[in-house]
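Subject: Structure handover

Hello,

Here is the structure for your files. My notes on what turned up in it follow below.

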Amino acid sequence: MGHDGQDDEFFAGLRADDFGYLDATRQVYLDHTGATPVPRALVDAHAARLRGAAFGNPHTESPASAASTELVEAARRRVLRFLDADPAEYTVVFTANASQAVKLVGESYPFRGRTGPALLLTQDNHNSVNGVREFARSAGARVRLVPFSGDELRVDGTAVRDALAARRRGLFCYPAQSNFSGVRHPPEWVERARDAGWHTLLDAAAYLPTGTLSLRRTPADFVVASWYKVFGYPSGVGSLVARREALAVLRRPWFAGGTIQVVSAQARWHRMAQAPAAFEDGTPDFHSVPQIATGLDWYESIGADRVARHVTRLTDRLLGGLAALRHPGGRPLVRVYGPRGTEGRGGTVALNVLDPRGRIVDERIVARESSAAGISVRTGCFCNPGAGEEAFAITPRLLRRTGSGRGRADTIDGYIERLGLPSGGAVRVSPGIANVADDIDRFLDFLRDTFAAATPATGALAPRLSC
């Protein structure tokens with residue numbers, strides 16, 4: 001039996017052991033870019049640990065506190081090992097999520113005026129990273145955006161090189177993998193940025209569930225990780241993995257319990273603690289943080305390469321099936337955004353369903369019908385406006401006119417109407433570690449059975465409240 005057959009058998013067993021509740025409830029779960037389903041093994045391990053010992057607030061020296069501290073520090077070392085990072089060079093800050101990890105950098109980076117450090121963003125970025133521009137703008141710093149190039153939603157590599165060669169340096173932020181299209185952007189940009197004197201923030205939240213990252217080979221200054229996307233449990237724990245010398249450049253605008261070494265209330269002075277404590281606000285989640293080590297052990301017992309092969313095969317099956325879907329008259333049933341093949345991409349596929357005349361079907365109809373069929377996919381704009389604007393070919397001029405002044409709308413639906421869009425976003429399908437081939441086939445059958453003959457009646461659709 002070859003690799004494919006062995007892997008199929010292995011993941012069928014994993015599905016039965018750790019994700020059997022999906023079959024028991026007849027759920028098709030295809031939103032791994034949003035979150036990986038919870039493996040039973042990790043819930044059992046967490047419960048066993050909490051039942052077996054007392055763990056206390058780690059900010060003291062009691063036995064319960066010492067037990068927590070030991071596990072938290074072990075989790076820090078485990079993250080560095082997972083990312084092949086030298087502990088002498090890197091440290092790990094535990095956060096509530098990936099967004100908080102980005103915010104720690106954005107609020108503390110020394111942006112100052114038009115002549116100080118600049119901010120360089122790619123058009124393909126999650127909103128948590130786009131939000132860094134507000135810290136830069138409030139400090140009067142220059143903000144530059146590198147656009148897409150071509151029809152696969154890939155960022156223009158030449159424009160990246162030119163921007164990094166600019167005289168003014170600062171912070172360069174980009175995703176290792178797009179949370180909209182699945183495109184994987186070159187890790188070589190990190191080294192190029194470093195050679196040019198830039199700090200780099202690499203958003204690895206969408207990448208790590210199916211990709212390997214070595215910080216010895218890709219020496220980013222700041223890396224953002226979201227662990228429930230990798231192994232499902234627990235949620236509410238992310239990480240900022242930072243180069244120690246880059247972390248020393250940051251200046252936090254406030255302090256909190258646990259972040260200071262010493263402070264005076266009356267004299268109004270304080271001295272920050274050493275990293276990473278200076279960046280972990282208050283008490284860390286000492287019950288959940290140790291689960292990162294347990295989760296990484298579980299994930300690596302399966303094997304990152306094996307997971308990547310499995311997801312690539314599922315993505316190839318999905319893309320091939322989508323390309324073959326047709327209305328009775330021969331028109332395509334779907335429009336895929338981004339790469340149509342598996343080269344240079346992860347397992348995230350963005351699409352819209354088309355009606356028999358080739359018009360986009362409102363994504364809320366797809367959400368309604370897929371939910372009724374027990375299928376979990378993501379609909380909307382996925383917190384990535386740059387990719388959505390490119391996919392729908394919305395011009396900057398129209399965006400500026402619609403977002404300000406007399407053209408400004410008060411609701412999401414109002415914006416969509418003024419922009420002349422046929423829908424409020426797309427449909428995102430993302431297979432992962434908990435899936436088997438039958439999930440892909442059931443989703444393709446759903447699209448064919450529900451939309452190929454005739455578009456379901458629109459009916460009453462709830463207003464869009466956010467994007």
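Is F11 buried or exposed? F11 has a relative accessibility of 1%, so F11 counts as buried. Please keep in mind that this is a predicted model.

Aromatic residues

F11 forms an aromatic pair with F10. The pair is edge-to-face, with 5.3 Å centre to centre and 85° between the planes. F10 is partly exposed, at a relative accessible area of 28%, whereas F11 is buried. F10 has a further contact on its ring: R306 lies over the face of F10, 4.1 Å from the ring centre.

The count of aromatic pairs comes to 12. Another of them is W227 with F231, where the ring centres are 6.1 Å apart and the planes stand at 10°. Planes under 30 degrees apart count as stacked, so this pair is stacked. W227 and F231 both belong to helix 10 (residues 227-231). They are four residues apart there, and therefore separated by about one helical turn. W227 is buried at 0% relative accessibility, and F231 is likewise buried at 0%. Ring pairs also link W227 and F231 with F82 and Y299 into a cluster.

A charge over a ring is found at F382 as well: the charged end of R428 sits over that ring, 5.1 Å from its centre.

Seven strands make up an open sheet with mixed pairing, in the order 2-10-9-8-7-3-4. Strand 2 and strand 4 (143-146) are at the edges. Each has a single partner strand, so one side of each is left without a neighbour in the sheet. From one strand to the next, the twist averages 20°.

Strand 10

Strand 10 covers residues 238-243, and six of its six residues are buried, so the strand is largely enclosed by the rest of the structure. Which residues of strand 10 point one way, and which the other? G238, L240 and A242 point one way, while S239, V241 and R243 point the other way, and all are buried. In a regular strand the side chains alternate between the two faces of the sheet.

Strand 10 pairs with strand 2 (residues 90-95) in the antiparallel sense, over six bridges. Within this pairing, Y90 stands opposite R243, and V93 has L240 as its bridge partner. Strand 9 (residues 222-226) also runs antiparallel to strand 10, and five bridges join the two. Here S226 stands opposite G238.

Helices across the sheet

Helix 4 (residues 63-82) lies across strand 2 and strand 10, and runs at about 120° to strand 2. Helix 9 (residues 188-195) lies across strand 3 (118-122), strand 7 (170-175), strand 8 (199-203) and strand 10. Its direction is at about 175° to strand 7. Strand 10 therefore has both helix 4 and helix 9 lying across it, and six of its six residues are buried.

Regards

Terms used: Residues numbered from 1 in each chain as written. Predicted model: local features only at pLDDT ≥ 70, side-chain atom pairs only at ≥ 80, totals over all residues. Heavy atoms only, no water. Buried < 20%, exposed > 50% of the residue type's maximum accessible area, 1.4 Å probe, protein only. Pairing = 2+ DSSP bridges. Phe/Tyr/Trp six-rings, centres within 6.5 Å; stacked < 30°, edge-to-face > 60°. Lys NZ or Arg CZ within 6 Å of the ring centre and 35° of its normal. Axes fitted to C-alpha atoms, helices over the stretch in contact; angles between N-to-C directions. Contact = heavy atoms within 4.5 Å.
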